[in-house]
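Here's a quick briefing on some helix packing and charged pairs. Have the viewer open and follow along.

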Amino acid sequence: MSFLYRMSDALGQFASSRLPIQNVVSNDTIQLAAGLGYMTTMRMNGSFRMFGTQERRNALEFLLMNLSVLLNQPGCQLQWVTEVNPEQARNDLRSISNVSRETWRRMNVDMEIVNVLIQERERMLSERCTRENNYLSVTTNLGALDQNQAKVDAQNAFRDLGGVPLSLSAFTQVQPSKMKTLYQRHQSSVELVRSVMSASEVQQLCEVMPADSVLRELRRLYLPDQTNDQWTPALQGDRRYFAVQSKADDHTRLPHLRDQVLSSPITLLEDGVVRIGSAGAGRHFATAFMYVHPSTWMGADQLVDKLPKDFHWWTSMTLISGAVRWRNYVRSHRAMANALKIISSKNSDIVAHSDHLLEMAKIDNLLGFRMQVVTEAKTPEAAQHQIFTLISELQAWGGSLWRQDVDDPDELLKHAVPGCDRQTSYAGQTFAIPALDGIVPLPFSRPGSAWQRHLHGSLLMLTESQRLYPFRHQAAGLQKYASDLFIAPMGGGKSVMLQAIRLAYIEAYSSNELLPRAVTLDVGPSSSGLIELLKAILPNNQRWQVEYRRITEDGDDSCINPFDTQLMVFAPTTVERSFLNNFLEQLFTSPGQESPPEGVNSVIPLLIDYAFKMYLTDGSTRLKQYTPSQPGYEEVDAFVEEHGLNVEGTLTWKSLTISLFKAGKYTLAEYAQWRAVPTVPDLADVLSSTQEIEDFFGKQMVPSLGVTVLTYMKAMLVTASRSRVFSGATTFKTNARILALNLEDLLKTTGPSGIHKAGLVMLLARHATTRRWWVNDEVLKAFECDDDVREFHRKNLEREKAMPSRLDIDEYHRTKSLPAVRRQFATDRREIRKFNIHYGLASQSDEDFDSDDVELASTIMFLGSPGEQGIERIKKKFALADGAAAALRDKVRGADSKGAHILLWASTSKGILSQYVTYPLPSIYLWAFSSAPDDVSVRKRLILRLSYLPALMTLVRLFPGGSIERRLGEIQASRPELPKDRQIELLTEEIEQQYQDMRKAGQLSF
């Protein structure tokens, strides 16, 4: 058998009208027929990195150096298949949409609005995107062995089969019997290719495919309508021996693998088109092959990106090893051409070309190369048109020439699928070329996504070539935590991106009519759009889960107490104590300074300890007495009255908290506890009443002010207490799970005092909205509380454990000069993995983030280019490669009609990823998430007049770009005497009238 194979291989005449698939010999290895050896296929999910000119050159040198040993020896073949399949992308989108609908349906929401949103997203992406699949197959044949090795392997395989003739393999699935030496050689080759492609110079996401997955992919290429994701081949069992006499063990009972993969007949039609399947139901294929190789070998990116994206096609590139063989091949052709020079001048050209190749072979070994292309359609006319289109584009690639196979397209079709190309008379033209020329066109630099298996709940982005590119936070096995940085100048799409992320979280993690917890601390109304959407679709009994809140300086609900603790736990946890340290350090820092005077940081830990002891220790004279008639405490007062708890007038807030908790009034118990714990104004009393603090720090001076440290601290407390936000017990009430908190009114003050206050406000907002998140099993175990309290918190923890919580902080630049605030946020991000919390920080410039922020980031999104100086700074600060820096310079240009342009950087378990992508959203999403104040104002007014969906659809119809800015400008130019509010009202009335007119004319479908 090996002799016949060697002879046919040498003559180039080995031919088979069947797929060369024999059987499966291991989890990832397929045995091929007639001496072709073993085949393993890897799914190449793309590269993590972007390649600039020098980086690509370095990668090519690395590939050439490390694959040269494999390509020099005989008997190995690398086949790279690149498939573009828009139909598969549409199927992916349809599947994602169906899962999204089911998620929302379980939430019992208004499906009319949800269906419109999902349909618009699916429609837009279906028109733009495609699916790209890349496969690299490694084949090792008998040519890799010398004659003695081949003979011993064949004899041992024959013994393992119990003497059954090997010729049976032509008709049945012979029980796998490995040719051990050849199999070991093959496994070494596969591991070499995988390790080279995965190395840092290339960073391909290589995934060795199980054999049944390979067979499924082969079948899908031929029979897409008959092959779903669940199809698996029927294989023989794992028993090593079988008896032909036993019906139970008879291998002939299973169909041959080639017949399972290609189970429908192939019909040769006119003009080089073949049909697989029956007339009217089958698919039509056309094939072509390269018959003159390029004069200039170019990278595959320049080819794949230019080829059509609106129909199904795939290319196959095959590299055939054996430097000696290909040198001899060139010499033999040269000798023949030299002998026939007299007949044609072309033979002189062949001799010259052969001499040039042989000269190059002295420094770069030769290999064999061939390339085919296949396209598929539902009609023969479409297949014919598609192959002509592909040939036209392919011939512009380096000057190569292509020819449609009209003689035996059915045979070429059986070569151009992963792992099945082989040297036959039907394979197309094979060229002897330098190894580097063969490696240059390999598409190793296609953009890679580590989240290809995590489509549901992902942000669906697009690569530059319109390939669907999913991104999902903290996908299993990829990122251990989620800590994001968003760097976006004005107009970069930051607010839309943050809201889209929260919507993706809802689709990914909502459970049992419960939304995941997500809080945005914002300055302005940019996060209100998502809240309006959720309120519009949620049923009335679930709208409590979402809230947009604007906190004002003089609001009755604006006070937040940093000393609040977990319910019925009257001492701070480790996380809460760390927060109090940072908050008080910021509070005691004078505006314009980076830290408090010397000695203050030593007082703060004692101040915290004594505050809790003085105001919460049983028997203490400072236990806070219950005072009725507090605003918002009517139910608490009713409970006290009903149970006669304050008959003697000695009821304390702490004892009332305990009574309410034991009665199951958990919300009221929390309100009572807010009144029981110490507050910021109480700290002055603690400083004055604690002998230990007086003894150690009473005489320590602040030299620059001429007062003692304690006097300084009391003065700072008096100043802070003048603001209602810090003035006492908490009055900020919310149980919303999706919360957008607008801090704009609290941060209007400018200058050092305004910056100082901004830091305190952001810390308090973080504390008030996320305090319950910072509990895990370890923290729960350390609670100083009764068993029933611990059990209460354990049940809450179990309910939340499966869903991550997310905190996004916008306008992060406001904390730049506040070390204590930055320290708190850095501490949070170091701990988030333990508590299943995701974190996001957003600002307009990379300079707003320090080294800690960069070190702790798992993902960075650049949504705008900062200019040349900024790019150089970013390149150094974030260790960006040249290719990524070039994309930031030339492509990341803010948001436009194609979507938000993003340079995505991510730290994953597979390495550092950097890719340029766009995030497209249909107009209805742009309007739903719009953050420009004028757009938000018009949207809100129109929703009140028309209801949610008609308002959004009308805005989409009239202003598909997502903004009323231009039309408002026209109104302002024509009516400058009107105040801004009245101009916006006029525009709203105009839009409403247009809606009524379109409705009367029957032009609206909603």
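The side chains of aspartate 934 and lysine 980 meet in a salt bridge, with N and O 3.2 Å apart; the term covers a side-chain nitrogen of Lys or Arg within 4 Å of a carboxyl oxygen of Asp or Glu. This is a predicted model, so local features need pLDDT of at least 70 and side-chain atom pairs count only at pLDDT 80 or more, while totals for chains, interfaces and linings use all residues. Residues are numbered from 1 along each chain as its sequence is written, and side-chain values use heavy atoms, with hydrogens and water left out.

- Helices here are DSSP runs of H or I with at least four residues, strands are runs of E with at least two, and both are numbered from the N terminus.
- Aspartate 934 is partly exposed at 24% relative accessible area, and lysine 980 is partly exposed too, at 39%. The scale calls a residue buried under 20%, exposed over 50% and partly exposed in between, using a 1.4 Å probe and protein chains only.
- Arginine 941 forms a salt bridge with aspartate 981, and their closest N and O atoms are 2.3 Å apart. Arginine 941 sits in helix H33 and aspartate 981 in helix H36, so this pair ties together parts 40 residues apart in sequence.
- At 18% relative accessibility, arginine 941 counts as buried.
- A network of salt bridges links Arg941, Arg945, Asp981, Glu985 and Glu992.

**Another salt bridge, and the total**

- Arginine 873 and glutamate 847 join their side chains in a salt bridge at 3.8 Å, N to O. Arginine 873 lies in helix H30 (residues 868-877) and glutamate 847 in the loop between strand E23 (837-843) and helix H29 (851-855), so the pair ties together parts 26 residues apart in sequence.
- Arginine 873 is partly exposed at 30%, and glutamate 847 is partly exposed at 44%.
- By this rule, the count comes to 68 salt bridges.

**Helix packing**

- Helix H3 (residues 86-106) packs against helix H4 (residues 111-128) at about 165°, with the axes 10 Å apart. That makes H3 roughly antiparallel to H4; angles under 35 degrees count as roughly parallel, over 145 as roughly antiparallel, 65 to 115 as roughly perpendicular and the rest as oblique. Axes are lines fitted to C-alpha atoms, for helices over the stretch in contact, and angles run from 0 to 180 degrees between N-to-C directions.
- The residues of the H3 contact with H4 divide into seven nonpolar, five polar and six charged.
- Helix H18 (residues 600-616) and helix H24 (residues 709-721) pack at about 65°, with axes 11 Å apart, which makes H18 roughly perpendicular to H24.
- Val600, Val603 and Leu607 of H18 make the contact with Val709, Tyr712 and Met713 of H24, where contact means heavy atoms within 4.5 Å.

**An exposed loop residue**

- Aspartate 556 is in the loop between strand E18 (546-550) and helix H17 (574-587), and at 66% relative accessibility it counts as exposed.
- Leaving aside neighbours within four places in sequence, aspartate 556 is in contact with Arg724 and Thr731. The C-alpha atoms of aspartate 556 and arginine 724 are separated by 8.5 Å, though the two are 168 residues apart along the chain.

Technical notes
Nonpolar A, V, L, I, M, F, W, Y, C, P; charged D, E, K, R; others polar.
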